[in-house]
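This report goes through the chains, their contacts and a few of their helices in turn.

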Amino acid sequence: MRRFLAHPSLMVGLCGALAFLLLGLTSLVWTPFPIDQIDIGRRFLGPSAEHWLGTDNLGRDMASLVMAGTWTSFLVAAIAVFIGMGIGVPLGLAAVIWGGAVEWLVLRLSDFIFAFPAVIVAILITTLAGPGSINAIVAIGIFNIPVFARVARGGALSIAKLDFVAAARLTGLGNAMIAWRHLLPNIMSLLIVQGTIQMSLGILSEAGLSYIALGTQAPDTSLGLMLREAQGMFLVHPWLTLVPGSAIVLIVMALNLAGDGLRDAIDPRLRQSRSNVLA
Amino acid sequence: MDKITKATALALALSTALASAAWAQPTEVRIGVALEPPTLDPTAGAAEAIDIVVYQNVFEGLTRIDETGAVQPGLAESWTISEDGLTYRFKLHDGVTFHDGSTFDAEDVKFTFDRIVAEDSVNAHREFFEPISTLTVVDPLTVEITLERPIGRFLFDLGRGDAVIVAPESAADNANQPIGTGPFAFVQWDKGSRVILEAYSPYWGEPVHLSRATYVFIGDTATLTNALLAGDVDGTNNFGQEALGVFEGNPQFTILAGTTEGETILGTNNRKPPFDNPKVRQAMAHALDRKAIIDGATYGYGTPIGSAFAPHNPYYVDLTETYPHDVEAAKRLLAEAGYPEGFTATLKLPPLAYAKLSGQIIASQFAEVGIKLELINVEFAQWLEDVYTNKDFDLTIISHVEPFDIGNYTNPDYYFGYDNPEFQALIDTLNGTTDEAERKELAIEAQTILAKDAVNGYLFQLPQTGVWNSKLTGMWKDSPIEGLVLRDIRWTE
Amino acid sequence: MIVFALRRFLGFAATLLVAAAVIFWLLDLLPGDPAQFILGINATPESVERLRVQLGLDVPAHQRFFDWIWGMLGGDFGLSYTQRAPVGELIWNRLGVTLPLALLAMLVSVLVGLPVGILAARRRGKALDTAVMLLAQTGIAIPGFWFGMLLTLLFAVTLRWLPTGGFIPWQEDPAAAMRGLILPGLALALPQASILARVMRTALVDVTGQDYIRTARAKGMTMGEAVWRHGVRNALLPVLTILGLQFAFLIAGTIIVENVFYLPGLGRLIFTAISERDLVLVRGATMILVVAITATMLLTDLTYALVDPRLRQGSGA
């Protein structure tokens with residue numbers, strides 16, 4: 001635990017991400033106002049004691065919308081990353097450790113998914129299944145698979161050639177065990193960095209899909225949808241874009257800081273090298 | 001090779017023209033429009049974006065519709081109508097040429113209408129011209145059209161974009177290389193970016209003021225705002241009402257707030273319970289608060305409507321108070337209809353800003369009387385399939401943007417499924433009537449029936465809010481027909 | 001090396017064939033009728049049926065599939081439903097915007113991202129590292145369409161240095177064309193450069209812990225020399241992966257930036273075509289993108305093998 005505390009960026013990032021996550025989770029049970037409560041008469045209000053972040057173009061409470069929107073954005077990105085990691089990393093490692101036909105197959109599969117322009121397929125999927133957050137998750141998640149497969153393979157390749165892996169093989173360790181014990185821990189830092197990148201990209205992709213009207217749909221809300229709906233009014237009501245926009249920037253930054261910090265904190269080699277420097 | 005040299009020469013000419021025009025009295029205009037047309041042939045597609053670019057600019061019909069929606073002589077300088085309203089004799093303008101230099105005459109008119117009603121015609125409004133029984137070329141400048149039955153608004157239909165006159169030599173290529181008789185000739189189309197038109201000097205009519213007009217396609221309101229502010233475009237025919245505040249009070253810009261032919265309705269599937277029950281539909285009409293919808297969805301620029309008719313039409317009658325906003329009355333009617341607790345229904349929304357906003361507001365208003373709406377957002381192509389073709393919907397929101405589309409209510413197979421023989425007979429009589437006073441009376445009766453039956457929820461007339469450089473004049477404020485007519489636009493000072 | 005290249009090339013061809021089948025099948029599933037879309041909501045069912053026949057939509061799917069493949073082999077991508085123009089030509093015109101834009105964004109992101117990443121790694125843990133990485137974090141975190149609009153507000157609306165968007169064709173005025181690409185190029189490059197900087201830093205920090213660096217240091221090299229001679233070269237592997245991914249993304253994924261700057265790029269072409277159910281155009285354009293991306297990845301793999309000869313044997317075995 002001490003070594004976690006020793007990384008200020010990790011703490012800042014983790015606290016920030018957790019705070020937003022908590023905010024999002026709270027929206028499941030409570031928001032200051034119902035997010036579908038429309039009241040044209042009270043629209044475009046500035047922040048006040050009643051509406052902490054003011055109201056939007058339909059008179060909905062911005063604070064409530066941000067809470068609910070944060071939850072959607074988190075959910076979409078997180079599930080998409082889990083889909084990608086859960087399928088992609090085992091594929092990438094299998095390719096390295098077995099090589100030959102397995103590698104060929106994994107590479108072809110990953111090439112194959114990759115060969116499709118992500119945005120286009122996301123549009124196709126949302127067109128096919130109807131726009132909405134679930135379909136956005138699937139579309140984003142599919143394209144996380146080859147990302148993780150390739151990063152896992154790329155990282156593991158250079159490690160698999162190192163002496164200690166050969167040594168492990170000599171001691172009679174099976175392929176799967178080598179992948180689990182030696183390759184996975186050694187590419188963990190790469191995966192975590194990639195994971196945070198994909199997580200932040202997921203939140204941004206959701207925002208992007210919302211921008212072209214294929215992401216989350218009203219009456220649900222997400223930060224991307226809020227930003228998109230307010231974008232046209234930017235010069236008249238800048239506040240309406242600043243709130244969800246800053247929320248996205250802060251969440252994504254918090255996640256990335258946390259990822260970077262984690263990486264520094266859990267990578268044994270790096271800790272070692274640091275102690276060398278100190279010595 | 002020849003093509004390349006020509007293109008280079010054109011490009012050179014263009015850049016010099018652009019460079020010098022910046023300082024001289026401007027005669028060029030760059031207009032930002034939201035949608036790029038799929039083709040530039042108004043006779044083979046329904047997209048409004050086509051008419052915005054070419055209607056009355058590149059192409060002209062026998063008649064033309066003016067800013068007030070009235071019929072004016074176009075390529076036909078005059079006409080006579082027989083007593084029985086069946087035979088129209090058109091005298092064509094002399095000395096009219098197409099932009100490729102060929103001469104316009106009666107044969108082109110015959111070709112145009114033969115093409116519209118042909119077996120393989122892909123005209124979106126073939127049915128308007130199907131009642132033509134014969135079209136005779138009397139002499140090169142005279143055409144006689146005989147109808148199977150009288151059509152009250154035939155002269156108006158002739159003025160639509162669907163009926164512009166095309167030449168046999170060029171008709172096939174009009175999609176990408178439109179050649180018409182209008183005051184502006186097509187120069188180039190950079191797909192995805194812009195269309196350039198140039199004044200056609202041998203034009204037969206009054207010369208236009210502009211030498212060149214460029215349509216720039218900008219779909220995003222924020223981007224269009226920036227382009228207007230930076231002077232990259234000189235105006236736009238319809239700007240998102242949510243951002244009009246940027247230009248209000250700015251002396252460099254004029255806001256033209258007008259109306260269109262778009263009656264925005266809460267489309268209701270009359271075939272389907274509970275909507276087949278008039279009491280339910282009336283309850284829904286009571287539940288609607290038009291003012292809130294108009295404020296929320298159009299920022300107050302829409303005009304309330306109480307039936308399927310445009311307020312600027314001379315036949316219009318105000319029926320907005322037929323079922324005033326009254327939550328108690330709505331609840332009572334629902335109870336009488338057997339739904340004291342209300343019911344649940346779906347609302348399918350096309351991807352249009354006004355529909356999405358209105359949908360959310362209506363859902364919140366209906367919730368007050370116990371009707372729970374589930375919003376389903378679909379893409380436009382899917383909306384067409386689900387709602388329009390397969391009639392698989394409860395409620396929807398859409399604007400009917402064509403002039404006089406009240407005739408849709410006579411078709412029991414139309415998507416909202418309104419089947420009222422009395423109404424159908426009434427419209428038949430109306431179509432066959434040419435006397436103005438009688439027509440008005442019939443039209444009012446028709447509107448009243450629809451309002452009383454609460455066939456659909458009648459919301460508002462879709463506004464048109466143009467934003468233009470304040471030194472430009474001559475733009476149409478209202479849009480009685482789909483188009484953006486450049487004829488009178490010019491720079492002042 | 002030749003065997004390796006051959007194998008990869010075979011994979012390339014196989015990918016393309018399966019991709020073609022998937023694209024066709026996926027598009028055929030799309031709800032919505034192209035003919036109905038073209039004719040709109042006031043058209044009669046008869047008009048729609050006539051247009052369906054004209055567009056060849058009444059032909060069975062498998063036959064349309066083989067016609068399509070056969071046509072493509074001969075370089076004919078078919079005629080767009082809505083635009084009534086050859087698909088190949090439509091795509092070719094858009095590439096004149098998309099390719100230069102993607103290259104510009106790549107160039108900027110490499111020129112900015114890599115040095116920044118190296119710098120941060122060298123000053124690891126120092127204030128400069130923190131500041132630069134914070135900046136990179138922000139760069140990744142800003143939604144592209146928002147950033148694009150802020151750029152426009154500053155450089156086009158307020159300062160009026162550059163156009164708010166739009167594109168003048170190259171043959172008309174190359175300088176104007178270039179000016180039109182600067183802001184969108186920057187908007188695209190910012191997140192890419194930030195990602196690149198982070199990846200470069202991570203990769204470098206990784207290799208500084210490796211034995212060969214320590215050996216080099218023991219041989220008397222300074223840390224800077226060691227990292228430069230040995231570290232950067234090894235760190236290039238993950239960076240190359242990312243670059244390949246980025247190019248693939250930039251070639252098709254710029255719809256949003258194209259929208260913000262109303263550029264006639266490939267992304268917007270396909271987006272519009274999907275919503276208008278111009279299936280011929282969508283599958284032709286998607287297929288060309290698939291070819292481009294697959295070719296890029298093939299090149300990345302071959303480059304990989306060149307940078308690190310050990311990989312050739314690994315995959316060739």
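How many residues does the contact take from chain B and from chain A? In this predicted model, the contact takes 21 residues from chain B and 19 residues from chain A. On chain B, four elements each supply at least two residues of the side that touches chain A: α6 (221-229), α8 (290-298), α10 (353-369) and β15 (372-377). Of the elements of chain B, α10(B) gives the most to this side, with five residues. By class, the side of chain B that touches chain A has nine nonpolar, eight polar and four charged residues.

Chain A also meets chain C. There, 50 residues of chain C are in contact with 49 residues of chain A. The side of chain C that touches chain A divides into 32 nonpolar, 15 polar and three charged residues.

**Chains A and C**

Chain A has 11 helices and zero strands, and chain C has 14 helices and zero strands. The values for the two chains are set out below.

| Chain | C-alpha trace along principal axes | Buried residues | Contacts at least 24 apart, among those at least 6 apart in sequence |
|---|---|---|---|
| Chain A | about 75 × 50 × 35 Å | 58% of 279 residues | 70% |

**Helix α1 of chain C**

Helix α1 of chain C covers residues 2-29 and has 28 residues. From its first C-alpha to its last, α1(C) reaches 41 Å, close to the 40 Å expected at 1.5 Å a residue. Which residues of α1(C) are buried? They are C:Arg8, C:Gly11, C:Thr15, C:Ala19, C:Ile23 and C:Phe24. An α-helix has 3.6 residues a turn, so residues three or four places apart point the same way.

**Helix α5 of chain A**

Helix α5 of chain A (residues 118-129) has 12 residues. The distance from its first C-alpha to its last is 16 Å, close to the 16 Å expected at 1.5 Å a residue. α5(A) is mostly covered, with nine of its 12 residues buried. The buried residues of α5(A) are A:Ala118, A:Val119, A:Ile120, A:Val121, A:Ala122, A:Ile123, A:Leu124, A:Thr126 and A:Thr127. After α5(A) comes A:Gly130, whose phi is positive, near 90 degrees.

**Helix pairs**

Two packed helices are described by the angle between their axes and the distance between the axes. One pair lies in chain A and another in chain B.

In chain A, helix α4 (residues 100-115) and helix α6 (residues 133-160) pack at an angle of about 140 degrees, and their axes are 9 Å apart. Why do α4(A) and α6(A) count as oblique to each other? Angles over 145 degrees count as roughly antiparallel and those from 65 to 115 as roughly perpendicular, so α4(A) and α6(A), at about 140 degrees, are oblique. Their crossing is left-handed. From α4(A), the residues A:Val106, A:Ser110, A:Ile113 and A:Phe114 meet A:Ile142, A:Phe143, A:Ile145, A:Pro146, A:Ala149 and A:Arg150 of α6(A). By class, this contact has eight nonpolar, one polar and one charged residues.

In chain B, helix α12 (residues 421-432) packs with helix α13 (residues 436-453) at an angle of about 160 degrees, with the axes 9 Å apart. That angle makes α12(B) roughly antiparallel to α13(B), because angles over 145 degrees count as such. α12(B) passes α13(B) in a left-handed crossing. On α12(B), the residues in the contact are B:Phe423, B:Leu426, B:Ile427, B:Thr429 and B:Leu430. On α13(B), they meet B:Arg439, B:Leu442, B:Ala443, B:Glu445, B:Ala446 and B:Ile449. The residues of this contact divide into eight nonpolar, one polar and two charged.

How values were computed: Residues are numbered from 1 along each chain as its sequence is written. Chains are lettered from A and ligands numbered from 1 in the order in which they are written. This is a predicted model: local features need pLDDT of at least 70, side-chain atom pairs count only at pLDDT 80 or more; totals for chains, interfaces and linings use all residues. The expected span of a helix is 1.5 Å times one less than its number of residues. A residue is buried if 20 or more other C-beta atoms lie within 10 Å of its own, exposed if 12 or fewer, and partly exposed in between; C-beta atoms are placed from the backbone. Two residues are in contact if their C-beta atoms, placed from the backbone, lie within 7 Å. Ala, Val, Leu, Ile, Met, Phe, Trp, Tyr, Cys and Pro count as nonpolar, Asp, Glu, Lys and Arg as charged, and the others, Gly among them, as polar. Axes are lines fitted to C-alpha atoms, for helices over the stretch in contact, and angles run from 0 to 180 degrees between N-to-C directions. Angles under 35 degrees count as roughly parallel, over 145 as roughly antiparallel, 65 to 115 as roughly perpendicular and the rest as oblique. A crossing is left-handed if the near helix is turned anticlockwise from the far one by less than a right angle, and right-handed if clockwise.
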